[in-house]
Amino acid sequence: LTIEPVVEELARRAQIPAYVGVRSDGQVEVSQVKVPLKGSSVGVVEGFRGPSHALALGKVLLAGMGSEYVEEYIGEHGLEAFSPRTIVRPAQLHAHLNKVRMVGVATDFEEFAHNLCCVAAPVKGENGRVTAAIGLSTTARHARNTGQQLVDIVQWAAGEASALVREVAYERGNGCPG
């Protein structure tokens, strides 16, 4: 994706690792990781593939695909519990994803791993479809102390990244170098 500068800026502003996730065989794949200069790595590495239902990046991608796709995901991958907080009931996942669609942001608070908390928002292409998810990961304590700030900055980054994706698509569609 062409959003690397936004991911770097997100990590710099938040002073915690920033990520981009894309769909890969129903799971979320981390396609970019940026760690701030003085930051330490928290969470997952570039190339990591994992359960969409237990990670904020994956929830954004699932929400963007709609209910029928979510049913396919559940049928194919199941809703494995990675921690006591993981959503493992289909009805609960559907309700959670409906909220993600309405609010425009997904969170996971220790749903995948102990002391790992993430917030993510959708990157939308020219047709409004979710093409990727952009987010941050941090510790449980940091998430409790800065939750709304993290949501705000991730939503800002998602807007910037979406604008970049649409701009590149527009330029390519008009024969301009992109």
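Cys-118 is buried, with a relative accessible area of 16%, where buried stands for under 20% relative accessible area, exposed for over 50% and partly exposed for what lies in between (1.4 Å probe, protein chains only). The model is predicted, so that local features need pLDDT of at least 70 and side-chain atom pairs count only at pLDDT 80 or more, while totals for chains, interfaces and linings use all residues. Residues are numbered from 1 along each chain as its sequence is written, and side-chain values use heavy atoms, with hydrogens and water left out.

**Cysteines**

With a disulfide taken as a pair of cysteine sulfur atoms within 2.5 Å, the count comes to zero disulfides. The sulfur of Cys-117 has its closest cysteine sulfur in Cys-118, 7.2 Å away, which is too far for a bond, and Cys-118 is accordingly in no disulfide. Cys-117 is buried as well, with a relative accessible area of 3%.

**Aromatic rings**

Rings of Phe, Tyr and Trp (its six-membered ring) pair if their centres lie within 6.5 Å, and planes under 30 degrees apart count as stacked, over 60 as edge-to-face and the rest as tilted. The structure holds two aromatic pairs, which are set out here.

| Pair | Centre distance | Plane angle | Type |
|---|---|---|---|
| Phe-48 and Phe-112 | 5.7 Å | 70° | edge-to-face |
| Phe-82 and Phe-112 | 5.2 Å | 45° | tilted |

Through these ring pairs, Phe-48, Phe-82 and Phe-112 are linked into a cluster. Phe-48 is buried, and Phe-112 is buried with a relative accessible area of 17%, whereas Phe-82 is partly exposed at 31%.

Another ring, that of Trp-156, has Arg-13 over its face at 4.0 Å from the ring centre; a charge sits over a ring if NZ of Lys or CZ of Arg is within 6 Å of the ring centre and within 35 degrees of the ring normal.

**Strand 1 and its partners**

Strand 1 (residues 18-24) is largely enclosed by the rest of the structure, because five of its seven residues are buried. Two strands pair if DSSP finds at least two bridges between them. Strand 1 pairs with strand 2 in the antiparallel sense over seven bridges, and Arg-23 stands opposite Val-28 in strand 2. These two strands form a hairpin with two residues between them, and Asp-25 in the turn has a positive phi of about 50°. Strand 1 also pairs in the antiparallel sense with strand 6 (residues 130-138), over four bridges, where Leu-136 is the bridge partner of Ala-18.

**Glu-46**

Glu-46, in the loop between strand 2 and strand 3, counts as exposed at 52% relative accessibility. Leaving aside neighbours within four places in sequence, Glu-46 is in contact (heavy atoms within 4.5 Å) with Val-30, Ser-31, Gln-32 and Val-33. The side chain of Glu-46 reaches the backbone nitrogen of Val-33 at 3.4 Å.

How values were computed: Polar contact = N/O pair within 3.5 Å; in protein donor to acceptor, adjacent residues only side chain to side chain.
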